[in-house]
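Work through the exercises below with the structure open. Each task is followed by a solution in steps.

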There are 2 protein chains.
Amino acid sequence: MKAAIVRDKQFVVDEIPTPVPGPGQVLAKVRICGICGSDLHLFKHAEELLSTAEAAGMVIDKNSELILGHEFVAEVVAFGPDTEQRFNVGDRVCSIPFRKQGDQLLNIGTPAAQGAYAEYLLLTEEFLVPVPDALSDEAAALVEPLAVGVHAVAKSAITDSGSALVIGCGPIGLATIAILKMRGIEQIVAADYSPRRRGLAQQMGATLVVDPAEESPYQSFSDEPNGEFVVYECVGLPGLLKQIVDQVPKQAKIVMIGLCAGDDSYTPLTAMMKEVQIQFVYYYTPEEFSQSLEALSEGRVNWEPWVSSKINLDGVANAFRALQDPEREVKVLIEPFSK
Amino acid sequence: MKAAIVRDKQFVVDEIPTPVPGPGQVLAKVRICGICGSDLHLFKHAEELLSTAEAAGMVIDKNSELILGHEFVAEVVAFGPDTEQRFNVGDRVCSIPFRKQGDQLLNIGTPAAQGAYAEYLLLTEEFLVPVPDALSDEAAALVEPLAVGVHAVAKSAITDSGSALVIGCGPIGLATIAILKMRGIEQIVAADYSPRRRGLAQQMGATLVVDPAEESPYQSFSDEPNGEFVVYECVGLPGLLKQIVDQVPKQAKIVMIGLCAGDDSYTPLTAMMKEVQIQFVYYYTPEEFSQSLEALSEGRVNWEPWVSSKINLDGVANAFRALQDPEREVKVLIEPFSK
């Protein structure tokens, strides 16, 4: 099969053996796979991120090649041994991006488990979720990033009267905005330097968009000093937490969603004098993944504007370059079998 | 009056004018005042801490001299204009360490408002709390540090079945342990390099004490990977948060109580993969201050072991040196009028 493999910090489209499903696994044909911001991070900072991740308990196979891709919609092709076969061959499925191996959960799209920048991949049967016929591949590819928003908003425990500030309007920021909107949060301020992304944020439900180069996004909250204030950090750059801590009002909650490589610093005394709470979030629960699928199936999320282009495996290298420019691309979807 | 003043990073005991109470204020005679860990920090890192504090909104009078001391018991001496005079001259009182000035609250024991390392100080009448006759000056001097523990445990929202790890067994660590014990928390592990402080932690109610030089304090929690796990950081040194994040189990809460000067760094990806929550805490509410006084009055806290020595104003400089050695001193109380 064909796959876009990361070799020496470059994408190489190469033929590799189609994997063979083991016990409890299915072989699945990739219909579509989104490019995630964390894929860009992993491509750029693989060594640093993976050694940190390994120290924190992620299982990594150092001999394995890196094939990214964890936002996929696939079709069941074949069943391994010890499977229940509750799907038919050809059924469209998605899945939380983990593969079971004994007691361990391997992260799909990392050196732990091959991802979906490829024609086929192995999935764990018990994690498969059917994709309703009415849901397009494009929309279903967004179940995974939207689930990150579902989880972040749930973990933030924002109350109905709370005010939200979303920093960074890439796909995760947009997912967070969409879920805050669904939750009925009345004040959703979104900040991004890119005019295109600010426009998308508005389409997703932001009530106010701010260009941080022009004005402080914190300003709009100053009238309500006693209300609950939650900042969703959807960028993942060093120095950003420090900036947020310096600018938030007292008692603010900061939800850290953006993936930031390396170490980062902030000013503890400022955090202390404001009694801020910093909540880190990672993935989502299987229930939240299903809630995300449900929200998309029910048409409760205006997902179309997210998708900025569709490519095949040969286009991955270019797409990674184009994604550096927030004016050009938002969510790029890979269709491994398109010409 | 006499006061121990910080001048050029030295303590100088000098005569200064006794302050005159303004509207809403009383003049109070200091009976006793504890030396707090934050006083040591402020003495060492005054410039750095004060510029950070000012940026975060603390009112600072740059022309004022620094007279520390915010853990005091005092006696009402005279009333300023516009006071209700609901106390008698000679009544023993304590107070949250703030002085009202218009809409602002000035922190007593900082350049904002003179502290109690002096014979007299000004207090805001409405903040005064009477000290019950049965409570000794020594015990009442601990109301303030114990209130920090009351607040930290309340903010942590630890549940009855939660497990606690207290890092650092100085006065604030001991206060936290005492309150966790009062709350009925069953597993209270305390870590400190000092044998004396580990002994005190045990007297306060720690169920297990650990010398971090010998073994990991996190080890004792490994059997219960799904239980709630709260770490109380009561040291305030750079690098400690990073170490805690690296070692806690997933979903841990980290409560930051120790005052740390300057910037500090940690590893965001590790925090993220573990979904840790970091809650910064600062002071306490007036209600929590009263709860602390109540706990001491009702004899629910074994406070005697905390007090390691009593001195007068001339002894402050030496005490600050002695407090560097955790084997020598824990809580030093200043009695400005003792010979």
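**Exercise 1: the chain contact**

In this predicted model, the side chains of A:Lys242 and B:Asp263 form a salt bridge, with 2.7 Å from N to O. Task: show that this pair meets the distance criterion, then describe the contact between chain A and chain B.

Step 1. The cut-off for a salt bridge is 4 Å between the side-chain nitrogen and the carboxyl oxygen; the pair A:Lys242 and B:Asp263 is at 2.7 Å.

Step 2. The count of salt bridges between chain A and chain B is four.

Step 3. Chain A gives 35 residues to the contact, and chain B gives 35 residues.

Step 4. About 3,400 Å² is buried between the two chains, with 62% of that area from carbon and sulfur atoms. Of the area that chain A buries against chain B, 22% comes from A:Met272, A:Met273 and A:Phe280, more than from any other three residues.

**Exercise 2: a helix pair in chain A**

Task: describe how α3(A) (residues 143-156) and α8(A) (residues 286-297) pack.

Step 1. The angle is about 115°, and the axes lie 8 Å apart.

Step 2. The crossing of α3(A) and α8(A) is right-handed.

Step 3. Residues in the contact include A:Leu146 and A:Val150 of α3(A), and A:Phe289 and A:Leu293 of α8(A). By class, the contact residues are nine nonpolar, three polar and two charged.

**Exercise 3: strands in chain B**

Task: find the strands that pair with β4(B) (residues 71-79).

Step 1. β3(B) (residues 25-34) pairs antiparallel with β4(B) over eight bridges; B:Cys33 stands opposite B:Phe72.

Step 2. β5(B) (residues 92-95) also runs antiparallel to β4(B), joined by two bridges. Here B:Glu75 stands opposite B:Arg92.

Conventions. Residues are numbered from 1 along each chain as its sequence is written. Chains are lettered from A and ligands numbered from 1 in the order in which they are written. This is a predicted model: local features need pLDDT of at least 70, side-chain atom pairs count only at pLDDT 80 or more; totals for chains, interfaces and linings use all residues. Side-chain values use heavy atoms; hydrogens and water are left out. Two strands pair if DSSP finds at least two bridges between them. Helices (H or I, at least four residues) and strands (E, at least two) are DSSP runs, numbered from the N terminus. Axes are lines fitted to C-alpha atoms, for helices over the stretch in contact, and angles run from 0 to 180 degrees between N-to-C directions. A crossing is left-handed if the near helix is turned anticlockwise from the far one by less than a right angle, and right-handed if clockwise. Contact means heavy atoms within 4.5 Å. Ala, Val, Leu, Ile, Met, Phe, Trp, Tyr, Cys and Pro count as nonpolar, Asp, Glu, Lys and Arg as charged, and the others, Gly among them, as polar. Buried area is the accessible area (1.4 Å probe) that two parts lose on being put together, summed over both.
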